[in-house]
Amino acid sequence: MNPYVQYMYSYPHKTAYRPLSGPSLSEYAPLLKGEGHGLYLHIPFCQTKCGYCNLFSVTGQTQERIDRYLAAVEQQSRQYHEVLKPYQSVFSSLDIGGGTPLLLTERQLERVFGSLNQYFQFSEDQRTGVETAPNQTTREKLAILKQAGVSRISMGIQSFSDKELGALRRQHNAKQAREALTLIQSFDFSCVNVDFIYGIPGQTVDSLLASLKEAISFEPDEIFIYPLYVKHGAGLEREGVVPEPEKALIQYRVARDFLKEAGFRQDSMRRFVKGSEERRFSECGYGTSLALGCGGRSYLGRLHFCSPYAITKKECLLRLDEYEQTEDYTKITHGILLSEEELKRRYVIRHLLIRPGLDLSRYYNTFGSQVMEDFSLLCDWEKDGYLWRGEYLSLTDKGLELSDYLGPQLISPEIVTAMAEWEELYGKTYDSLPRQSEKL
């Protein structure tokens with residue numbers, strides 16, 4: 001059994017999205033009335049492409065190109081502002097991801113925050129998170145984030161071993177990661193998160209533990225650990241790198257036990273939070289979130305939408321051109337409308353893979369049915385020791401470590417088919433690309 005089938009960070013995956021005609025933001029804007037919504041800005045630019053990355057990002061872009069993109073984001077924000085004005089939308093969270101948001105210059109960062117505050121209203125207790133990378137983390141840029149009220153900084157370190165960083169095709173070294181993390185901690189942000197990867201070629205249990213031990217010496221508030229995935233379009237795939245799931249699972253177990261013994265609470269297969277206080281239940285799957293930029297996705301009830309999924313640099317640049325040339329950003333042209341069954345699946349996936357789990361009474365009150373009857377597969381998981389039933393339906397430690405194996409089993413046949421169709425289409429495109437061996 002391969003425990004690493006698919007990372008279920010959301011449902012359905014973007015590869016199941018298709019062209020849409022008819023929907024517009026104005027039609028769904030009433031869902032954004034009042035308070036409690038999320039806003040996301042995607043910055044799709046990076047210094048270099050990491051070997052495992054298949055996210056929507058491009059490298060080698062000029063400052064003029066980035067400015068052109070920011071101008072398009074401002075135009076989109078202006079149009080969204082006009083549509084949302086009657087509903088007095090107030091956003092309680094703002095996340096800026098990518099890509100590498102801090103690749104922007106100081107002037108561009110100030111421009112971004114100025115534009116967001118001009119066109120959107122935020123709550124007083126707004127939570128703002130920004131992603132960064134060691135090479136792009138400077139005192140001047142962090143000062144801008146602090147001034148803008150950023151509360152959470154997330155940095156992808158992945159390893160404190162230069163050899164392992166090289167295997168991942170990361171462009172920073174361990175020394176730069178240490179310096180960046182020290183600098184971040186000096187600004188006293190409310191939450192500092194660092195990311196690490198296990199299952200790296202050449203990595204051992206001891207080297208993974210060495211990285212995590214060094215990480216906790218910086219006293220981060222959160223640590224995320226990710227298994228190495230090598231997906232279509234990633235550089236490591238072209239180099240023929242094949243992950244070793246059995247080895248990765250052993251490393252995961254050792255890392256999990258170490259972090260828990262070090263005083264971190266495990267909230268999911270990936271997320272570890274400093275402190276032992278039990279995680280409070282939080283409703284997921286029905287929240288409303290609006291995305292700006294090319295590559296981010298919006299969630300408005302049954303409607304999920306974004307720009308068409310792309311991985312290769314050529315495809316991403318094509319999508320960027322289309323985005324920048326858009327005249328009416330309120331027209332929704334690509335996404336998916338979820339059926340009642342798909343809403344149930346999303347609800348189960350979004351709650352079950354994160355502790356404390358799925359509130360059984362809330363599920364019944366939401367859908368008018370029992371989750372164990374809707375998804376008989378869960379009864380099998382209970383028998384196999386993957387989950388336990390109380391007030392919440394929660395994954396056991398055995399089930400939690402198999403999140404990327406169990407979660408995909410909840411994908412509907414229709415979504416599986418749509419994803420497979422995209423993979424087949426992309427595979428034909430990918431097969432035409434030169435492999436690493438062909439370039440030598």
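This is a predicted model: local features need pLDDT of at least 70, side-chain atom pairs count only at pLDDT 80 or more; totals for chains, interfaces and linings use all residues.
Visitor: Let's start with Gln108. Is Gln108 buried or exposed?
Guide: Gln108 sits in helix 3, which covers residues 106–119. Its relative accessibility is 0%, and the cut-off for buried is under 20%. So Gln108 counts as buried.

Visitor: Which backbone nitrogen does the side chain of Gln108 reach?
Guide: Leaving out residues up to four places away in sequence, Gln108 touches Gln63, Ile66, Asp67 and Leu70. Its side chain also makes a reach of 2.9 Å, and the backbone nitrogen at the other end belongs to Thr105.

Visitor: How do helix 3 and helix 4 lie to each other, roughly parallel or roughly antiparallel?
Guide: Two packed helices are described by the angle between their axes and the distance between the axes. Here helix 4 is residues 139–147, the axes are 10 Å apart and the angle is about 10°. Angles under 35 degrees count as roughly parallel. Helix 3 and helix 4 are therefore roughly parallel.

Visitor: Over to helix 7. Which of its residues are buried?
Guide: Helix 7 runs over residues 205–217, and its 13 residues reach 18 Å from first C-alpha to last, close to the 18 Å expected. Cover for its buried residues includes helix 5, strand 8, strand 9 and helix 9. The buried ones are Ser207, Leu208, Leu209, Ser211, Leu212 and Ala215.

Visitor: Is Asp188 buried or exposed?
Guide: Asp188 is in the loop between helix 6 and strand 8, and this non-glycine residue has a positive phi of about 55°. Its relative accessible area is 61%, and the cut-off for exposed is over 50%. So Asp188 is exposed.

Visitor: One more: what is omega for the cis peptide bond that joins Gly98 and Gly99?
Guide: A cis bond also joins Tyr11 and Pro12, with omega about -5°, and Pro12 is in the segment before strand 1. Gly99 is in the loop between strand 5 and helix 3. For the Gly98 and Gly99 bond, omega is about 20°.

Technical notes. Residues are numbered from 1 along each chain as its sequence is written. Side-chain values use heavy atoms; hydrogens and water are left out. Helices (H or I, at least four residues) and strands (E, at least two) are DSSP runs, numbered from the N terminus. Buried means under 20% relative accessible area, exposed over 50%, partly exposed in between (1.4 Å probe, protein chains only). A polar contact is a pair of N or O atoms within 3.5 Å; within protein, one must be able to donate a hydrogen and the other to accept it, and residues adjacent in sequence count only if both atoms are side-chain atoms. Contact means heavy atoms within 4.5 Å. Axes are lines fitted to C-alpha atoms, for helices over the stretch in contact, and angles run from 0 to 180 degrees between N-to-C directions. Angles under 35 degrees count as roughly parallel, over 145 as roughly antiparallel, 65 to 115 as roughly perpendicular and the rest as oblique. The expected span of a helix is 1.5 Å times one less than its number of residues.
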